[in-house]
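Here is a short briefing to read alongside the model. Have the sequence and the 3D view open as you go.

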Amino acid sequence: MHNLGQTRSVRKQSHLLHTPDTFIRTQLPGSEKTVVVVHVSPALGAAFTQYTAEFETGGVLGPALGQRFVYVLEGQVEVEADGESHNLCKDGYIYLPEGVQHTCRSTNGARAAVIEKRYVSVAGAKPPEVLVGHEPDVAGQPLKGDEDLLVRGLLPDTFAFDFAVNTMTYQPGTALSMVEIHVMEHGLLMLEGGGVYKLDESWYPVTAGDFIWMAPYCPQWFGALGKTPAKYLIYKDWNRHPLG
Ligand code: UGY
Ligand code: MN
C-alpha cells in the first residue's frame, strides 16, 4: 500500500533522518546473500559510511574500505580475522583495523550495523588492533553526572582510535542537558524506545529503527519520551586535529 507521499524521513544540508519506510536495499561488491541499507556515505557529505547489513542464512559481507566496526542487532555473525574466529551475538561488536583481512558471515541470518572509515594515523600512536566486545558488559557512565543518562564507550578513548562508538541510554523523561554544537559528525541508530530529536531548527519524533546523520556543527538535542528507556548507538569522529 502506498502512503500518499508521506514519510518522516527528511534530508537537509545539516542532517538526515532516515526512517525504515524509505529504506532501499542494495548489494556491495563481494557480498553473498547479504543486502545493505546505506544510511550515510560521502555522497551525502560524510567522512564515513554507515549501513545496516541484512544477512540471509549463510550470508557473507564483502571487504571493507577502511576500518570496519560491526555491531550485531539481531542473530549471530561469525567473524574470522587474524587467524581467530569470533562469534558475535546480539549487542556483540568487533572493531577491525584498516587492512586486516577478515570475513563476516552469518550461518543462520542476522542484521548488523556497520561503520567504515579510512584511518587517519597520528604521530606517536600505534594503530589499533582487532577488538571484540559485548555492549551490556561495558560499564555505563552518567553523562554530566546524570544517572538517568548512561554512556557506554565501546572503543577505548585513546589516540590510536580516530572515531568513537557509544551507546546512550535515557530513562523515560531524560534529555540532553544542553543543545550540542560540535565539529564532530554523528551516525545514530535508534535501538530502543523513542523521543524527540531537535536537529538544527527542526523537531522530529524518532523511534527504534530510525537512523540520523548529523553533519559537523549541526545543533542537536534529544529528549526521551514514553514509558521505556530510549537507547541509541552513536558514531563520532574523534581524537584528531581539525586540520587533519
Ligand atoms: O557524544 C556526543 O556528542 C553525544 N552526546 N551527542 C548526541 O547524543 N547527539
Ligand atoms: Mn553530539
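How are the donor residues of the manganese ion (ligand 2) spaced in sequence? They follow the pattern E-x1-H-x3-H-x33-Q. Please keep in mind that this is a predicted model, in which local features need pLDDT of at least 70 and side-chain atom pairs count only at pLDDT 80 or more, while totals for chains, interfaces and linings use all residues. Residues are numbered from 1 along each chain as its sequence is written, chains are lettered from A and ligands numbered from 1 in the order in which they are written, and side-chain values use heavy atoms, without hydrogens and water.

**Metal site**
- Glu180 (OE), His182 (NE2), His186 (NE2) and Gln220 (OE1) coordinate the manganese ion (ligand 2) at 2.1 to 2.3 Å. Donors are N, O and S atoms within 2.8 Å of the metal (3.2 Å for Na, K and Ca); water is not among the atoms, so sites may look incomplete.
- The six donor atoms subtend angles of 76 to 175°, which makes the arrangement octahedral (six donors, opposite ones over 155 degrees apart and all others between 65 and 115).
- Glutamate 180 sits in the loop between S14 and strand S15 (186-192), and glutamine 220 in strand S19 (residues 220-225), so the pair ties together parts that are 40 residues apart in sequence. Strands are DSSP runs (E) of at least two residues, numbered from the N terminus.
- Glutamate 180 and glutamine 220 are both buried (under 20% relative accessible area, 1.4 Å probe, protein chains only).

**Aromatic pairs**
- The whole structure holds twelve aromatic pairs, meaning Phe, Tyr or Trp rings (for Trp the six-membered one) with centres within 6.5 Å; planes under 30 degrees apart count as stacked, over 60 as edge-to-face and the rest as tilted.
- The ring centres of tyrosine 95 and phenylalanine 163 are 6.0 Å apart with planes at 55°, so this pair is tilted.
- Tyrosine 95 belongs to strand S8 and phenylalanine 163 to strand S14, so the pair ties together parts that are 68 residues apart in sequence.
- Tyrosine 170 and phenylalanine 222 make an edge-to-face pair, 4.8 Å centre to centre with 75° between the planes.

**Sheet**
- Eight strands form an open, antiparallel sheet in the order S1-S2-S18-S15-S20-S14-S13-S12; two strands pair if DSSP finds at least two bridges between them.
- Its edge strands, S1 (10-11) and S12 (141-143), each pair on one side only.

Methods
Helix = DSSP H or I, 4+ residues; strand = E, 2+ residues; numbered from the N terminus. Tetrahedral: all angles 85-135°; square planar, octahedral: opposite > 155°, others 65-115°. Buried < 20%, exposed > 50% of the residue type's maximum accessible area, 1.4 Å probe, protein only.
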